[in-house]
Amino acid sequence: MPIYEYLCDDCGERYERIVMNGNTKITCPKCASAKHTLQLSVFAAPANGSKASGGSSPASSGGGCCGGACGCKN
Ligand SMILES: [Zn+2]
């Protein structure tokens, strides 16, 4: 089961949740807000170098390292 890290949009609290499936409801443990930003989990980072023989262009189309999920893009 993947563990995702969330950043609350309302109070800025960082918390982790185990996501069973797409129906899992995520709320902030501090202010109970459902508004959050999904942070890039360290467990999900492709660190195995499986695409080392490829070119220099990333496979995903735009959005930086994570497709914009972690807010790394400008
Ligand atoms: Zn909050």
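**View A. Contacts of Glu-5 in the predicted model.** Leaving aside residues up to four places away in sequence, Glu-5 touches Arg-14, Tyr-15, Glu-16, Thr-37, Leu-38 and Gln-39. The model shown is predicted. Glu-5 itself belongs to strand 1. Its side chain meets that of Arg-14 in a polar contact of 2.4 Å.

**View B. Gln-39 in strand 3.** Gln-39 is part of strand 3. Is Gln-39 buried or exposed? Gln-39 counts as buried because its relative accessible area is 16%, and the cut-off for buried is under 20%. With residues up to four places away in sequence set aside, Gln-39 touches Glu-5, Tyr-6, Leu-7 and Arg-14. Glu-5, one of these, lies in strand 1. Arg-14 is another contact of Gln-39. Gln-39 and Arg-14 are 25 residues apart in sequence. In space, their C-alpha atoms are 9.1 Å apart.

**View C. Strand 1 paired with strand 2.** These two strands pair in the antiparallel sense. The pairing of strand 1 and strand 2 extends over 5 bridges. Across from Leu-7 stands Arg-14, in strand 2. Arg-14 also makes the side-chain polar contact with Glu-5. Strand 1 and strand 2 form a hairpin with 5 residues between the strands. Within this hairpin, Gly-12 takes a positive phi near 85°.

**View D. Strand 1 paired with strand 3.** Strand 1 and strand 3 run antiparallel. How many bridges join strand 1 to strand 3? There are 4 bridges between them. Tyr-6 stands opposite Leu-38, which is in strand 3. Leu-38 is also among the residues that Glu-5 touches. Tyr-6, in turn, is among the contacts of Gln-39.

**View E. The zinc site.** Which residues coordinate the zinc ion? Cys-8, Cys-11, Cys-28 and Cys-31 do, each through its SG atom. The site is tetrahedral, with angles of 107 to 115° among the 4 donor atoms. Along the sequence, the donor residues follow the spacing C-x2-C-x16-C-x2-C.

View F. Cys-8 and Cys-28 are both buried.

Methods. Residues numbered from 1 in each chain as written. Predicted model: local features only at pLDDT ≥ 70, side-chain atom pairs only at ≥ 80, totals over all residues. Heavy atoms only, no water. Donors = N, O, S within 2.8 Å, 3.2 Å for Na, K, Ca; no water. Tetrahedral: all angles 85-135°; square planar, octahedral: opposite > 155°, others 65-115°. Buried < 20%, exposed > 50% of the residue type's maximum accessible area, 1.4 Å probe, protein only. Polar contact = N/O pair within 3.5 Å; in protein donor to acceptor, adjacent residues only side chain to side chain. Contact = heavy atoms within 4.5 Å. Pairing = 2+ DSSP bridges.
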